[in-house]
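User: Please go through the helix packing and the sheet of this model with me, one question at a time.

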Amino acid sequence: MRVFSVIQVTIVTLLSAALSMGCKKAAISATVEQPPVVVAGSKTYLALGDSYTIGQGVATADRFPHQVAAQLKQQNIPIQNPVYIAATGWTTAKLLAAINAQNLAGPYDVVTLLIGVNDQYQGVDTAVYRTRFTEALNKALSLAGNKKSNVFVLSIPDYSVTPFVPASQKERVEREINWFNAINLQVTQQMGISYTDITPSTRQAANNPALLANDGLHPSGLEYKKWADMVVPKMLSVLR
């Protein structure tokens, strides 16, 4: 059982405001973003997650799923724009509720899953996260037509390096992100599904502000490109 002290659940005020604003937005606009044009024979891509998937603070074209799709098109893979089930502030439980509320026209050719930072931030017990993440990954697998090779999990970024986390809290936040990532890595590997560790890359923002969006909390398009660079080669082996 994971126990949190008062100081562990009272992170910097600006971060609380950013997440609460995201939650309000999610409550209003938590819908699937469908591609405007469907081309016969083109591949489909479903992106599941939270603010890191929907690209809080960056333009749509800079979101990592959109950059993945753009790179795949450059490799002559005919793929539609991503369909998103993601919103800022979502925990794994909220993502599951959103998936269950949608009548998705699957299966999708590729599915990405990145979820858990808000579970850590809100003090969700790690055992509860394990159960919910496992359920989310099974949902992703089902939406990929039960093809394990077509599901791609990304690790949780480490936001402890951002200006929103005070120096006194950085070590704790990093430690807890590691706990949650150890869980999603273990579950993913046990299911035989692809896992991409983007966490070390996100820690480079400690010394490079260009890797953060204007809000100083979420990744910039430059950081998202690095994620796409890691994921695309894995997808190519499935889509070619």
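User: Which residues of α3 meet α9 in this model?

Analyst: The model is predicted. On the α9 side the contacts involve Gly221, Tyr224, Lys225, Trp227, Ala228, Asp229, Val232, Met235, Leu236 and Leu239. Their partners in α3 are Phe64, Gln67, Val68, Gln71 and Leu72.

User: Are the axes of α3 and α9 parallel, perpendicular or oblique to each other?

Analyst: The axes of α3 (residues 64-74) and α9 come within 8 Å, crossing at roughly 50 degrees. The crossing is right-handed. Angles from 65 to 115 degrees count as roughly perpendicular and those under 35 as roughly parallel. The two helices, α3 and α9, are therefore oblique.

User: Where is the kink in α9?

Analyst: Helix α9 covers residues 221-239 and bends by about 30 degrees shortly before the proline Pro233. Among the buried residues of α9 are Val231, Val232 and Met235. The kink lies at Val232.

User: Which strands stand at the edges of the sheet?

Analyst: The sheet is open, with 5 strands in parallel pairing and the order β2-β1-β3-β4-β5. Two strands have a single partner each, so one side of each lacks a neighbour in the sheet. These edge strands are β2 (83-86) and β5 (194-196).

User: What is the bridge partner of Gly49 in β3?

Analyst: Strands β1 (residues 45-49) and β3 (residues 110-114) run parallel and are joined by 5 bridges. In β3, Gly49 is partnered by Leu114.

User: What angle does α7 make with β5?

Analyst: Helix α7 (residues 167-190) packs on the sheet, where α7 touches β4 (151-154) and β5. The direction of α7 makes an angle with that of β5 of about 155 degrees.

How values were computed: Residues are numbered from 1 along each chain as its sequence is written. This is a predicted model: local features need pLDDT of at least 70, side-chain atom pairs count only at pLDDT 80 or more; totals for chains, interfaces and linings use all residues. Side-chain values use heavy atoms; hydrogens and water are left out. Two strands pair if DSSP finds at least two bridges between them. Helices (H or I, at least four residues) and strands (E, at least two) are DSSP runs, numbered from the N terminus. Contact means heavy atoms within 4.5 Å. Axes are lines fitted to C-alpha atoms, for helices over the stretch in contact, and angles run from 0 to 180 degrees between N-to-C directions. The bend at a residue is the angle between axes fitted to the seven residues ending there and the seven starting there. Buried means under 20% relative accessible area, exposed over 50%, partly exposed in between (1.4 Å probe, protein chains only). Angles under 35 degrees count as roughly parallel, over 145 as roughly antiparallel, 65 to 115 as roughly perpendicular and the rest as oblique. A crossing is left-handed if the near helix is turned anticlockwise from the far one by less than a right angle, and right-handed if clockwise.
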